[in-house]
Amino acid sequence: MQLKSGFPFDQPVVWTPTTDQIEASNLVAFQNRMGLPNLAVLERKAAGDPAWFWSRVLADLDIRFEQPWTRVLDLSRGTPHARWCVDGRLNITVSCLDKWQQGTDVNPEADLALIQVGEDGRESSLSYGGLFRKVEACAAGLRSLGLGIGDSVGIWMPMVPETVIAFLAIIRIGAIALPLFSGFGPSAVVDRLLAGRARAVVTVDGYRRRRRWVDTFPILQSVRSELSNLEHVVLVRTDDPDVEPVDVSSDPAVHLWPDLCEQPSVGRAGAAEIMDSEDPCLVIFTSGTTGAPKGMVHTHCGFPVKAAQDMCHGMDVRSSDTVFWHTDLGWMMGPWLIFGSLLLGGTMVIYDGAPDWPGADRIWEICARHGVTLLGITPILARYMQGQDAGMVKRHDLSALRAVASSGSPWDPGSWMWVFEQVLDGTRPILNYSGGTEISGGIVGCSVVKPLKPCSFNAPLLGMAVDVVDEHGEPVRDRIGELVVRNPWIGMTRGFWQDGEDRYLDTYWSEWPALWRQGDLAVLDSDGFWFLLGRSDDTMNISGKRLGPTEYEQVLVRQPDVAEAAAVGVPDSLKGQKAVCFCVPSPDSNPDPELGERLRAVVARDMGRALRPDAVCIVPALPKTRNAKVIRRLLRDMWRGDPLGDTTNLEDRSILAGVEAAIRACQAAMASNDP
């Protein structure tokens with residue numbers, strides 16, 4: 001489809017790095033170390049010669065191998081089955097922890113590896129030395145249970161220090177970490193622990209969200225009989241004064257964290273198990289519309305390296321930085337934050353709580369208090385914060401913040417400009433970042449050495465051979481197409497856990513020979529800026545016109561009565577598909593029964609009468625994951641009255657009843673107005 005003029009595609013550049021910023025960047029330093037004349041040459045060589053590039057990255061990041069690799073890339077089975085660091089042996093936690101104990105770039109007892117903030121305001125921290133010792137102790141405790149190489153261990157925890165310790169300790173003993181979203185209900189936990197064949201799980205008794213106590217351990221106890229492989233439960237107790245500790249003394253399968261994971265003098269029992277480069281260390285579950293969840297397999301020499309390289313070259317992070325990403329361990333950005341910050345010697349900030357509790361300025365308060373230099377949020381969270389107290393940002397000193405990074409969904413222009421002007425004073429960049437769990441990080445992002453247009457990505461991530469193609473697999477410019485990757489990269493998933501290779505090949509490699517299809521709609525404009533328009537599965541074809549949901553949503557959220565919007569396509573006998581939009585009213589609006597019709601008229605005015613949505617339904621909330629991604633397929637299924645499939649990734653399943661009621665009322669009103 002040919003692009004229309006209008007936001008964001010024909011906007012001017014709003015931020016340009018200074019010469020000093022460019023010369024001081026990690027990217028230029030890497031270019032100079034590689035002996036290359038300029039960044040353009042580096043970008044071409046990195047994308048076109050994966051073996052050259054990733055061998056240099058491994059050395060530059062000082063990834064420690066017990067046995068060196070003989071060949072960095074083996075394509076003998078074809079690109080989909082690329083093997084990396086052939087014959088190499090390592091444990092990635094050595095590069096995260098052990099190497100810093102020597103006191104080179106990091107002072108292990110003075111420099112912080114981790115800062116944790118609780119929703120109740122309590123805080124804790126761990127130096128690199130302290131984290132190293134706790135991970136060793138936890139590794140020894142897990143080994144004492146008979147856990148080791150190839151065993152799967154679940155982590156069902158909010159973002160507390162023990163979450164990071166357990167994650168690293170599991171990988172340290174050669175086991176496979178299975179992080180679960182902390183807000184899962186019983187069926188979601190059972191599905192994933194069964195699919196992962198978990199022998200053990202580390203969990204908490206519960207946690208608080210907006211003062212409300214949320215059970216965890218009691219839920220696990222209620223479903224343990226369904227988990228045939230589960231032999232051990234490691235329990236972290238909170239010290240909440242209002243919660244009575246559960247008595248587990250009569251259950252030999254339950255081990256209290258202090259008794260198991262905090263023993264001194266662990267010796268060799270806490271040492272790293274040296275693994276093959278391609279041995280899995282991590283399985284991250286993704287959820288589909290039907291069937292069991294699928295686990296993305298990642299290796300010691302895969303996900304961690306890609307995460308750190310993106311953080312270093314894409315976001316300019318170094319050992320002096322403090323990175324705060326608002327995330328859960330069950331979302332890929334949780335493991336990404338842990339691996340990336342530790343491999344670079346930086347400090348991670350983790351937050352166990354709601355982003356707007358006890359006040360809407362909680363994120364800004366954390367940034368100011370801890371001198372955060374890189375903040376990671378979602379565009380949807382940014383839009384929510386934009387609608388709160390207009391002065392809340394300026395009440396906090398954010399001068400340490402060098403950039404705000406974003407992922408999870410496309411930006412709308414109003415929110416992007418609000419963050420740029422109010423949070424970053426129009427002088428520092430927004431680093432848009434998009435990829436996925438299967439990527440181990442980003443495909444396209446925002447380099448700190450290039451100008452920015454609002455809502456855009458200004459470059460592929462270094463080493464990613466990215467393109468936009470039409471339905472025939474041919475490159476297109478200034479037109480909507482599919483985002484693809486032409487060459488392998490070290491972080492690509494090794495497949496789906498315990499699921500053979502057919503689904504992996506069908507999902508990513510079947511559309512066009514030798515092209516990885518990411519499933520995103522994208523545009524590469526004539527100025528070299530990239531824009532993502534949503535998942536191609538969400539693509540609408542209205543009267544032969546191919547549209548992404550973002551095109552509707554950007555029109556709607558510019559209206560003062562609309563806080564959030566989502567658009568879906570549903571079947572239509574005349575048009576092929578028709579668009580249905582869902583809008584959440586702004587907090588200060590007073591929606592009347594005609595608001596939906598007025599918004600339909602606005603869309604028709606801005607996009608053309610032929611693209612007017614069939615309905616604009618006013619709903620109390622949009623179904624989202626905890627990382628604030630809107631689950632559009634649920635809206636489509638509810639509109640059609642279809643079964644909802646997997647809803648386990650929802651942050652708040654209680655909203656579905658209100659959304660369902662609003663949809664039925666909207667449909668009834670449409671029927672009564674139909675002549």
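W325 is buried, with a relative accessible area of 1%. Buried here means under 20% relative accessible area, exposed over 50%, and partly exposed in between, for a 1.4 Å probe and protein chains only. The model is predicted, so local features need pLDDT of at least 70 and side-chain atom pairs count only at pLDDT 80 or more, while totals for chains, interfaces and linings use all residues. Residues are numbered from 1 along each chain as its sequence is written, and side-chain values use heavy atoms, with hydrogens and water left out.

W336 is also buried, at 0% relative accessibility. Both F30 and F53 are buried. W325 and W336 form an aromatic pair in edge-to-face geometry. Their centres are 5.0 Å apart, with 65° between the planes. W325 lies in strand 16 (residues 322–325) and W336 in helix 12 (residues 333–344), so the pair ties together parts that are 11 residues apart in sequence. Helices (H or I, at least four residues) and strands (E, at least two) are DSSP runs, numbered from the N terminus. Rings of Phe, Tyr and Trp (its six-membered ring) pair if their centres lie within 6.5 Å; planes under 30 degrees apart count as stacked, over 60 as edge-to-face and the rest as tilted.

Across the whole structure, the search finds 16 aromatic pairs. One of them joins F30 and F53. This pair is edge-to-face, at 6.2 Å centre to centre and 90° between the planes. F30 belongs to helix 2 (residues 26–33) and F53 to helix 4 (residues 50–60), so the pair ties together parts that are 23 residues apart in sequence. Elsewhere, ring pairs link W489, F496, Y504, Y508, W509 and W516 into a cluster.

Charges also sit over rings. The criterion is NZ of Lys or CZ of Arg within 6 Å of the ring centre and within 35 degrees of the ring normal. The charged end of R503 sits over the ring of F496, 4.4 Å from its centre. F496 is one of the residues of the aromatic cluster. The charged end of K45 lies over the ring of W52, at 4.8 Å from the ring centre.

Helix 14 is mostly covered, with 6 of its 8 residues buried. The buried residues are P379, I380, L381, A382, R383 and M385. They pack against helix 13, strand 18 (374–377), strand 19 (403–406), helix 15, helix 17 (549–557) and strand 30 (562–572). Contact means heavy atoms within 4.5 Å.

Helix 14 (residues 379–386) and helix 15 (residues 413–423) pack at an angle of about 75°, with their axes 9 Å apart. Helix 14 is therefore roughly perpendicular to helix 15. Axes are lines fitted to C-alpha atoms, for helices over the stretch in contact, and angles run from 0 to 180 degrees between N-to-C directions. Angles under 35 degrees count as roughly parallel, over 145 as roughly antiparallel, 65 to 115 as roughly perpendicular and the rest as oblique. On the side of helix 14, P379, A382, R383, M385 and Q386 make the contact. Helix 15 contributes G414, S415, W418 and V419.

The structure holds 0 disulfides. A disulfide is a pair of cysteine sulfur atoms within 2.5 Å. C312 is in no disulfide, and the nearest cysteine sulfur, that of C96, is 14 Å away. C312 is buried, at 9% relative accessibility. The sulfur of C455 is 10 Å from the closest cysteine sulfur, in C446, which is too far for a bond. C455 counts as buried, at 6% relative accessibility.

The peptide bond from W357 to P358 is cis, with omega near 5°. P358 is placed in the loop between strand 17 (347–352) and helix 13 (362–370). C85 has a positive phi, near 55°, and is a residue other than glycine. C85 is found in strand 2 (residues 83–86) and is buried, with a relative accessible area of 1%. D425 is not a glycine either, yet its phi is positive, at about 55°. D425 occupies the loop between helix 15 and strand 20 (430–432). Its relative accessible area is 46%, so D425 is partly exposed.

G267 lies in the loop between helix 10 (257–261) and strand 13 (275–276). G267 is partly exposed, with a relative accessible area of 48%. The C-alpha atoms of G267 and A137 are separated by 8.9 Å, although the two residues are 130 residues apart along the chain.
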